Amino acid sequence: MVKISTLIKFTNGNDQIASEVFRDIYNAYYKLVYFVLAKYLTSSSDIEDILVESFVSLFENRKKVTNIKYYLTTIGKNKALNFLKKRDREINVDQFVLENTITSHNSSYNDVVEELRKCLDQESVDIIIEHVVEGVSLVELSRKYNQPINTLKSKYRRALKKAGAYLGEYYEK
């Protein structure tokens, strides 16, 4: 366990000591923080990103921190929850833009599908149309396409983002 007195040395400006102490802190707590993040996130790359952000936050706020373990677990949890909220908001906004694009601008369904095909591969077009237009859940689509749910969600998010950007530019012309 890393003591607060060690953290105080961490703040004294000696780069060599700071590097060693930070390494000790990381080694002492990274598994715990990873475990906390895994409760909220399923993607190991998302967990790793937020894990790094949590330790960076510790470093940036090191003079204010009194309990390293509590700080790291709390900041990790909060960053994970914020990440999930932001991701869900992006999906909802992108889906709203796409649905409005399909129903507005006097566009026919076939016109929009043709435009989607210009910027996306066929599988992405099918996933978007089945989910947005036909209301098929992403869980059902993951079974249909024989892909893990998180893989399908990632493909869906990327496709929505790309389609939203492309269709926005298309209708601004």
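Good morning. I begin with Y26 and Y30, which are 4 residues apart in helix 2 and therefore separated by about one helical turn. Helices here are DSSP runs (H or I, at least four residues), numbered from the N terminus.

Please note that this is a predicted model, in which local features need pLDDT of at least 70 and side-chain atom pairs count only at pLDDT 80 or more, while totals for chains, interfaces and linings use all residues. Residues are numbered from 1 along each chain as its sequence is written, and side-chain values use heavy atoms, with hydrogens and water left out.

Let me turn to the aromatic rings. Rings of Phe, Tyr and Trp (its six-membered ring) pair if their centres lie within 6.5 Å; planes under 30 degrees apart count as stacked, over 60 as edge-to-face and the rest as tilted. By this rule the count comes to 4 aromatic pairs. In one of them, F22 and F59, the ring centres are 5.9 Å apart and the planes stand at 85°, so this pair is edge-to-face. Because F22 lies in helix 2 (residues 15–38) and F59 in helix 3, the pair ties together parts that are 37 residues apart in sequence.

How are the rings of Y26 and Y30 arranged? Their centres are 5.1 Å apart and their planes at 5°, so the pair is stacked.

On accessibility, buried means under 20% relative accessible area, exposed over 50%, and partly exposed in between (1.4 Å probe, protein chains only). F22, at 22%, counts as partly exposed, and F59 is partly exposed at 36%. Y26 has 29% relative accessibility and is partly exposed; Y30, at 29%, is also partly exposed. One aromatic cluster is formed by F22, Y26, Y30, F55 and F59.

I now come to helix 3. Helix 3 (residues 44–60) has 17 residues and reaches 24 Å from its first C-alpha to its last, close to the 24 Å expected at 1.5 Å a residue; the expected span is 1.5 Å times one less than the number of residues.

Which residues of helix 3 are buried? They are D46, I47, I50, L51, S54, F55, S57 and L58. These residues cover an arc of only 165° around the axis, which puts them on the same side of helix 3. The arc is that of the directions from the helix axis to the C-beta atoms.

Finally, S54 has its place in helix 3 and is buried, with a relative accessible area of 0%. Not counting residues up to four places away in sequence, S54 touches L72, I75, G76 and K79, where contact means heavy atoms within 4.5 Å. Thank you.

Methods
Helix = DSSP H or I, 4+ residues; strand = E, 2+ residues; numbered from the N terminus.
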